[in-house]
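Please read it with the coordinates open.

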Amino acid sequence: MLSRLLRSLDLLRPRTIAQLAKGEHDTRQDVRSLVATVKQLERQVSTLRSQQEELLARVDEIRRTARQTETLVGKVGSIEEKLDELALRERQLRAIQRADARLDERERDLDRLLQPDTIAAHVRAAIAAATVHDDPFPYAVVDNLLPDAVFEALIRGLPPSELFADRTINRQQLTVPFELAPRYGRRVWAFMSESIVPDMIAPAMLDRFAPQVAAWLQSNFPALGEAPLEQVPMTCSDGRIMLRRPGYYIRPHRDPKWGFLTCLIYLKRPGDEESWGTDLCRVKEDEEARGAKPHWIDETQCEVVERVAFRRNRALMFLNSVGAHTARIPDDAQPPDLERYAYQFRVGARSETIQWLIENLPAERRAMWAGKVDTY
């Protein structure tokens, strides 16, 4: 009790009171300093928030600008593509005009040249004289397929190379008859696709390969019986002129399955070399193509049996059954601007017959012939 009282009295001493006052003053100073610091921090935070908002606004503006720039870049790219397309069309039209001027006087000769009876007799005799080989698959090489003057007219009527430039180098081709071409070329190639091919070449080719096609149909469609060709009306696919250049390569393959027969006519021009025709291959561990699409085969499985040279007025005809065919033009082929033309069409069943044939297959065999059947 006494000690407690003494401690209380000790607090009342002047020195103690002075020390307490000084401590209170220091505390107030610290508080004022702390308040000032807090206010300064609040001002800094406010400034930072303003800067942040300004930065966010700038970021949004940059993003809008970037989107606008991207849109403009896309529009510029689209404009450049259209300009390139227009430049190509201009080159094509100029090429057509030049060809029309050059061939104008030749057009009057076509009435004399394009005589169906004379051409048909020549075509039938050429195909009938060809030998059908069985290895690596049924094929025939037909030389002098067309009368010389008719073949020369077809070469003369080849479309300018500019008309093939809409596609990549490895896939440059034009369907015949043409939508756009010089007058002379349109006329002579329309006669080729609408008369010579369906009325002359295709029937003669079917006659020459009749035993092989009949056997192929019987093996795949037993429901056709002993006379399959009488029950399967045939038609021609659209023909196409193909332009090939150095670096061209098509892997070993078989054509779309519903194209029973393929005809490839070499359009060798004066000065073209005979190299780089078509290789016919035997296939190790060969398998049936599954589906109607082209059947691609590994090159290591292929053994070249025959190299068909690229000769003037020559046709390669074959049954699209087994084996494979391939073609290549080396990168270093000379001259560097080499151009190689060929015309291709196929003969196969009509679309309504195809549907009937598929429906009459055993269920387990339908997948082997399924797929797009309206073109081959």
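Predicted model: local features only at pLDDT ≥ 70, side-chain atom pairs only at ≥ 80, totals over all residues.

1. Strand S11. S11 spans residues 314–319, and six of its six residues are buried. The strand is therefore largely enclosed by the rest of the structure. Arg314, Leu316 and Phe318 point one way from S11. Ala315, Met317 and Leu319 point the other way. Residues on both sides are buried, the arginine included.

2. Partners of S11. Strand S2 (residues 139–142) pairs with S11 in the antiparallel sense, over four bridges. In that pairing, valine 141 stands opposite leucine 316. Strand S7 (residues 261–266) also runs antiparallel to S11, and six bridges join the two. Here cysteine 263 stands opposite methionine 317.

3. Cis peptide bonds. Most peptide bonds are trans. Two bonds deserve a look on that account. Aspartate 135 to proline 136 is cis, with omega near 10 degrees. Proline 136 sits in the loop between strand S1 (132–133) and S2. Valine 176 and proline 177 are also joined by a cis bond, with omega about 5 degrees. Proline 177 belongs to the loop between strand S3 (173–176) and helix H6 (183–208).

4. Positive phi. Most residues other than glycine have a negative phi. Asparagine 144 has a positive phi of about 55 degrees. Its place is the loop between S2 and helix H5 (148–156). Asparagine 313 has a positive phi too, near 60 degrees. That residue is in the loop between strand S10 (302–308) and S11. Are these asparagines buried or exposed? Asparagine 144 is partly exposed, because its relative accessibility is 36%. Asparagine 313 is buried, at 1% relative accessible area.

5. Aromatic pairs. How many does a search of the whole structure find? The count is eleven. One of them is phenylalanine 221 with tryptophan 258, a stacked pair with 5.8 Å centre to centre and 25 degrees between the planes. The pair links distant parts of the chain, 37 residues apart. Phenylalanine 221 is in the loop between helix H7 (210–220) and helix H8 (228–231). Tryptophan 258 is in the loop between strand S6 (249–254) and S7. Both residues are buried.

6. A further ring on phenylalanine 221. Phenylalanine 221 also pairs with tryptophan 369, with ring centres 4.8 Å apart. Relative accessible area is 2% for phenylalanine 221, which is buried. Tryptophan 369 is buried as well, at 0% relative accessibility.

7. Charges over rings. Arginine 328 lies over the face of tyrosine 249, at 4.0 Å from the ring centre. Arginine 340 places its charged end over the ring of phenylalanine 310, 3.8 Å from the centre.

Technical notes: Residues numbered from 1 in each chain as written. Heavy atoms only, no water. Buried < 20%, exposed > 50% of the residue type's maximum accessible area, 1.4 Å probe, protein only. Pairing = 2+ DSSP bridges. Phe/Tyr/Trp six-rings, centres within 6.5 Å; stacked < 30°, edge-to-face > 60°. Lys NZ or Arg CZ within 6 Å of the ring centre and 35° of its normal.
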